[in-house]
Amino acid sequence: MARLLILGAGIAGQTAALHARRKLSRKHDVVVVSPNSKWNWIPSNIWVGVGYMKPEQVTFPLEPVYKKTGIVFHQAKAVSIHPEGDSTTSNPYVLIECTSQEKLGQKEKVTYDYLINATGPKLNFDATKGLGPRKNSLSVCTYSHADETFKHLSESIERMKKGENQTFLIGTGHGNCTCQGAAFEYLFNVEFILRKNNVRDKAKIIWISNESELGDFGMGGMFLKRGGYITHSRIFTESLYTERGIEWITQAHVKEVMEREIVYENLDGEEISIKKDFAMLLPPFSGVGLKAFDKNNNDITSQMFLPNGFMIVDGDYSKKPYEEWKPSDWPKTYQSPKYKNIFAAGIAFAPPHSISKPMTNPNGIPIFPTPPRTGMPSGVMARQIAYNIVDMINGKADEPKRKASMANMGAACIASAGAGFFKGTAASMTMYPIIPDFEKYPDSGRDLRYTSGEIGLAGHWIKHFLHIAFIYKAKANPLWVVVPE
Amino acid sequence: MSVRKPFEQSYYPPVPTKFTKFFRTNIVYQFFRFLILNIKMLRMVRKH
């Protein structure tokens, strides 16, 4: 009998848990530890933030799903990993702290034979002074944040209906943020909803971002074939902003968020302030702060995690300049080099470096996006990790054989630009590979046969359909396995 | 609302014509695009 322990029940954790449970016989345990009692389809949180959906439509309780599928569930947060056990046991274990009302604060040891760290990010609002829903800005990172943001948006709309002008500031709240796509979606949905409420003329909407140019999205942008030209996504994105009368500020590190104003530094090192009435600014991500200890209780956290809290896996983490980065630097199996029975999936693994070119201003502040690794890539790598572990448990392999490098993986991304069955639109983008390969594709870094982008109502239909399909899949409803990652 | 202000950032990017905007939400054309986009995404999924 073997036990697979999965930390986290987001897209990566849930995908790994369901695939492992499906493939493993019942004599083996699949255990999930998550501090949340609900599963959240995060890509639809932006629709909660504009009132198109309610929080109940983007969440469901995890426990019934795990009961049905035979997965053991602990509502708890992981505190520390003990890969060699401790002085009392040689079995590896994870120390967890319960977060359910009945067992709040209780600590337990959960042993494992294989471990997947799919803990996702810590929303590091503290990285910027005044950033975050408890302070001076709003967020759509969680369904509760998005719900609160919608209340503030409704208040702003009411003020505009009474004749007031409002300034909306939407984007990233720090020089090292990722997930520009989510902020982009929220920006366009807000603009759409303001038009729908006939108050667009009262609103000044400003995008602020750490991207070097619009359309970078943390992936160095991409090239698309459009109208007889091979065009950078910057042109495509600038066109979308211009069409909607949205101003943009790029190369910005937000330094402080105040009640009615924000201060940012740009790449030239200048400090600039802007007035705002409404600010939805995403925080930077860090690891969730897991610690690791060896058998003698020595802290080995720095041997398993990078200083930003993300787990070291089989990537090339040597420091080298941008010009020397290679697609082969990116991890393939997501196995910890130190402990072969530990893996990391989704946001929890440490990328070897960014995808966009790193830039630093004269004051030494880095201003560039960190790599996105959510959604489709996160699900694909989680599935491959689960299959590798199943093979190792079943004695079919003694090391992970399946690979899921982001350098050999494509991604499809649907970015909503306004919700509605007849009037909604979304930008539909596909790219291959996610990590640009300028040796193989010297001009664009990507295969133009598989890299595309367009905006239209069909994109909205697809985004809505994916919302339904992925929640269906995460609930492990009949034939869930036919829904791809 | 005019989208272009001379010599400001909004002056330079391309903007869609009425024709392009119309087809973005035209049900028949978008149904066709829906099929094409699904094929594109399935091709991507099959590469994994």
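**View 1. A salt bridge links A:E454 and B:R33, with the closest N and O atoms 2.5 Å apart.** A salt bridge here is a side-chain nitrogen of Lys or Arg within 4 Å of a carboxyl oxygen of Asp or Glu. Across the interface of chain B and chain A, the rule finds two salt bridges. The model is predicted: local features need pLDDT of at least 70, side-chain atom pairs count only at pLDDT 80 or more, and totals for chains, interfaces and linings use all residues. Side-chain values use heavy atoms, with hydrogens and water left out, while residues are numbered from 1 along each chain as its sequence is written, and chains are lettered from A and ligands numbered from 1 in the order in which they are written.

**View 2. Chain B meets chain A through 25 residues of chain B and 38 residues of chain A.** Contact means heavy atoms within 4.5 Å. About 2,900 Å² is buried between chain B and chain A, and carbon and sulfur atoms give 70% of that area. Buried area is the accessible area (1.4 Å probe) that two parts lose on being put together, summed over both.

**View 3. In chain A, helix α1 (residues 11–23) packs with helix α3 (residues 62–69) at an angle of about 20 degrees, their axes 11 Å apart.** Helices are DSSP runs (H or I, at least four residues), numbered from the N terminus. Axes are lines fitted to C-alpha atoms, for helices over the stretch in contact, and angles run from 0 to 180 degrees between N-to-C directions. α1(A) and α3(A) are therefore roughly parallel to each other, a term for angles under 35 degrees. From α1(A) come A:Q14, A:L18 and A:R21, and from α3(A) come A:L62, A:V65, A:Y66 and A:T69. By class, this contact of α1(A) with α3(A) has four nonpolar, two polar and one charged. Ala, Val, Leu, Ile, Met, Phe, Trp, Tyr, Cys and Pro count as nonpolar, Asp, Glu, Lys and Arg as charged, and the others, Gly among them, as polar.

**View 4. The axes of α1(A) and helix α8 (residues 375–393) of chain A come within 8 Å and cross at roughly 30 degrees.** Residues of α1(A) in this contact include A:I11, A:A12 and A:H19, which meet a set in α8(A) that includes A:G375, A:A382 and A:Y387. The contact of α1(A) with α8(A) divides into eight nonpolar, five polar and three charged residues.

Technical notes: Helices (H or I, at least four residues) and strands (E, at least two) are DSSP runs, numbered from the N terminus. Angles under 35 degrees count as roughly parallel, over 145 as roughly antiparallel, 65 to 115 as roughly perpendicular and the rest as oblique.
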